[in-house]
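Keep the viewer open and follow along.

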Amino acid sequence: MTTFSFTIFICFIILQITPTISSQTYSGNQGQWQLLQSSIGISAMHMQLLYNNKVIMFDRTDFGASNISLPGGKCREDPNDTALQRDCTAHSVLYDIGQNTFRPLTIQTDPWCSSGAVLPDGTLVQTGGYNDGDRSLRTFSPCNDEKCDWNEEPNYLLTRRWYASNQILPDGRIIIVGGRRQYSYEFYPRGNSSSTIWLEHLRQTRDQRIENNLYPFLHLLPDGNLFIFANTKAILFNYKRNAVVKELPEISGQDPRNYPSTGSSVLLPLDENQPFLQAEIVVCGGAPRGSFVLAENGKFQKTLGTCGRINMNHANPNWVMEDMPVPRAMGDMLILPNGDVLILNGVGLGTAGWELGRNPVTTPVIYRPSELPGRRFRVMAESNRPRLYHSSTVLVPDGRVLVGGSNPHVGYNFTGVDFPTDLSLEAFSPPYLARDYETVRPRIVSVQEKIRYREQFSVAFAVPEYVHSSVVSVTLVAPSFTTHSFAMNQRMVVMKLGEVRGLSLDTYEVAVMGPSAEEIAPPGYYLLFVVHADIPSSAMWVKLQ
């Protein structure tokens, strides 16, 4: 037998091996925590991963002086600021993932409790905030020369947007929904529009004084409609016609899930390999109705321990409830590269707001959507740093999760309080990053930088011990804008696969079909992962157009 024919024979045998790695991959492995920076100078209240592997973070300008100076002796002059009219410190930083370094950025108007989304060209559009920033539009375009900074357009927005939510749309526009006492939405770019558009659902879901409908959960569905959840109720909404397509049942228990009760929500991965694309949404955690007022009076109620899951493909969708291992409010939910959902941060008693949370929940859990009910949750390794109000998280290309922030105080407060302002930055490594899985961990060898809708392309990857084509997938993950326990614009698409063929003893090529519609994956930059036997590679950036 020649060397060439022997190689082909070996490749054939490898490709036919029966899968041996089960869905119990994480048994006995609880992930790992790492402190990256003891202080980045600010408390990371808002985070966004950019396509040049940097993460932009910011808190608010009216906290007072931060712990990092603006460069070159620069100072921010703002006569409208409620803390410092002359402030020579930064309230935003740009973190370099590969170098584990950061530099200060200049933000002029107050972005406290604002929202954001990334345009198809990779520019972060950041909207609203507080005080002189509540109608501001801010943009940040990634660069590699360390000179880029925020650009601001005060009073661009048509109305005040404080505690609003954003969603990137199939045509590349951004819809901006809600905000404190704002029962409306608008678009960026606004075009010829000179007025906001009324959304009755937001008015109907507002609790008197307490609200519980801020930072509404927005999810773009494959049919092009928006799923909008506020308080306890959701609608299917056609934003093109300003029409409610369907009113969905109230979530079981009738306890609020939005700010300040503050649960979290994700659209589960959209799998284009299935005969019928399933769109399912999960809402987890929150606080019982009345928790905010009770906490203001020193009585801290136990937070909610349930998740609701709803399948939007059903003719009459209904919530199916599940119990979490640990109740929590202010928990962040992030989709991991293999389709699991990480839930972390938050409190076990109380609610969001200044000094209103107790009993920090430092134990993350992983929710496995593909498992049967009752088997979906895995408890992870505990962190030694409480992350309460104003903490945030993002997934980064190597599969880790950055975790920062926590400041439940009116200003920066480091002493004499139960939960001091936290300026640190950590990384949580999910179980799939453990060395135990090095032999089945894929590594992307090549993929084109730009991919197109409904067009086939190839991804080459290497893996020491290939299992079977049935345990190979290629996923696209949209980087989220995360704040106040909601990762806006987060979505995963499991792309349709063709043949997997061997190129050498440890290198393979898989044929992949680009997403079938802009409604499934809006245009822009995505993290592309190869997943093999439930273990993801590090990602490569691709631009979907």
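Start with an open sheet of four strands, which run in the order 16-17-18-19 with antiparallel pairing. Strand 16 (217-220) and strand 19 (243-247) sit at its edges with a single partner strand each, so one side of each has no neighbour in the sheet. From one strand to the next the twist averages 25°. That angle is taken between axes, which are lines fitted to C-alpha atoms (for helices, over the stretch in contact), and it runs from 0 to 180 degrees between N-to-C directions.

Some ground rules before we go on. This is a predicted model, where local features need pLDDT of at least 70 and side-chain atom pairs count only at pLDDT 80 or more, while totals for chains, interfaces and linings use all residues. Residues are numbered from 1 along each chain as its sequence is written, and side-chain values use heavy atoms, with hydrogens and water left out. As for the elements, helices (H or I, at least four residues) and strands (E, at least two) are DSSP runs numbered from the N terminus, and two strands pair if DSSP finds at least two bridges between them.

Back at the sheet, strand 18 (residues 233-238) pairs with strand 19 in the antiparallel sense over four bridges. Look for Leu236: its bridge partner in strand 19 is Lys246.

The pocket holds about 210 Å³ and has 14 lining residues, with His201, Gln204, Ile235, Val244 and Glu247 nearest its centre. Strand 18 gives the most, four residues. By type, the lining divides into seven nonpolar, four polar and three charged. Here Ala, Val, Leu, Ile, Met, Phe, Trp, Tyr, Cys and Pro count as nonpolar, Asp, Glu, Lys and Arg as charged, and the others, Gly among them, as polar.

How are such spaces found? On a 1 Å grid over the protein atoms alone, a cavity is a set of points where a 1.4 Å probe fits but cannot get out, a pocket is an open set with protein on both sides within 12 Å along at least five of seven lines, and lining residues have an atom within 4 Å of a point. Grid points are joined across faces, edges and corners, and a volume is the space filled by probe spheres set on the points.

The largest has about 150 Å³ of space, and among its 14 lining residues Val118, Ile168, Ala478, Pro479 and Tyr525 are the closest to its centre. Strand 8 (115-118) and strand 43 (524-532) supply at least two lining residues each, and strand 43 has the largest share, with three. The lining of this largest cavity is made up of 10 nonpolar, three polar and one charged.

The second largest cavity has about 70 Å³, and its lining includes Leu334, Val394, Val477, Gln490 and Leu527.
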